[in-house]
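I opened my notebook for a friendly look through this one. Here is the structure I was working from.

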Amino acid sequence: LNLNNARYEITAVKPDQYPKNDIPEVTFVGRSNVGKSSLINAMLNRKNLARVAATPGKTRLINFYNIDDQLYFVDLPGYGFAKVSKSMKASWKDVIETYLSERKQLRKIFLLVDIRHSPTSDDILMHEWLKSMERSYVIVATKLDKVPRSKIKERISDIRSTLKLEEHIKIIPFSSETKQGRDELWEEIL
Ligand code: GDP
């Protein structure tokens, strides 16, 4: 997999706008501002491929990043942004749920949560919904560099218990700043 051949390919809202091929996909989902764009950039050794938003949560679009014509990173819109209308929230939910439930090429879902805080009610809902699907998923605890080393274990077990994770579900601590967790996440993807 040649990471130098990673590129933004297309933005979609509806299934008929998704790429039309059989390349396998992994997707990243999480609350807006959780560090999703930063993670995608860190995974692909780029600074600005995925846009790190100045104002969080403004888009409800799905971005597809093509990696060497062998894999897509699918960037789902961040959820849980308070300052939007009810109808906007509903259409958001629809965009995310339609992709997750209908996309055949999707191999694995990465649910991002901020390692510093207990998962929010939106995170819990998202996880409940993932759990109910016949899909493989992994939790990524972002912004690892922001917690002292002595607190990491405690934060991970809080995330595990708040989400009521089944034992076999992995949590990968990750930092886009230090790139900790990057190898483990790539291993999980490949
Ligand atoms: P998104 O809305 O989920 O795409 O989140 P972004 O990637 O735009 O990140 C939101 C904010 O958190 C930005 O200010 C980032 O610089 C910061 N951030 C993201 N990941 C990390 C990380 O691993 N460590 C630190 N210290 N800051 C991060």
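**Entry 1: the model.** I noted at the start that this is a predicted model.

**Entry 2: around the ligand.** Which residues come nearest to the ligand? I found 15 residues around the ligand, and N33, K36, S37, S38 and D145 come nearest. I then sorted this shell by class and got three nonpolar, seven polar and five charged residues.

**Entry 3: polar atoms at the ligand.** I looked up S38 and found a polar atom of its side chain 2.6 Å from a ligand oxygen atom. For G35 I had to look at the backbone, where an N or O atom sits 3.0 Å from an oxygen atom of the ligand. D145 faces a nitrogen atom of the ligand instead, with an N or O atom of the D145 side chain 2.7 Å away. I also checked the area: the ligand taken alone exposes 580 Å², and the protein buries 80% of that.

**Entry 4: two helices.** How do α1 and α5 pack? I read an angle of about 85° between helix α1 (residues 36-43) and helix α5 (residues 182-189), with their axes 11 Å apart. Angles of 65 to 115 degrees count as roughly perpendicular, so α1 is roughly perpendicular to α5.

**Entry 5: who touches whom.** From α1, the contact uses L39, A42 and M43, while α5 brings R182, L185, W186 and I189.

Note on methods: Residues are numbered from 1 along each chain as its sequence is written. This is a predicted model: local features need pLDDT of at least 70, side-chain atom pairs count only at pLDDT 80 or more; totals for chains, interfaces and linings use all residues. Side-chain values use heavy atoms; hydrogens and water are left out. Axes are lines fitted to C-alpha atoms, for helices over the stretch in contact, and angles run from 0 to 180 degrees between N-to-C directions. Helices (H or I, at least four residues) and strands (E, at least two) are DSSP runs, numbered from the N terminus. Angles under 35 degrees count as roughly parallel, over 145 as roughly antiparallel, 65 to 115 as roughly perpendicular and the rest as oblique. Contact means heavy atoms within 4.5 Å. A residue is near a molecule or strand if one of its heavy atoms lies within 4 Å of it. A polar contact is a pair of N or O atoms within 3.5 Å; within protein, one must be able to donate a hydrogen and the other to accept it, and residues adjacent in sequence count only if both atoms are side-chain atoms. Accessible areas come from the Shrake-Rupley method with a 1.4 Å probe; for residues, only the protein chains shown count as cover. Ala, Val, Leu, Ile, Met, Phe, Trp, Tyr, Cys and Pro count as nonpolar, Asp, Glu, Lys and Arg as charged, and the others, Gly among them, as polar.
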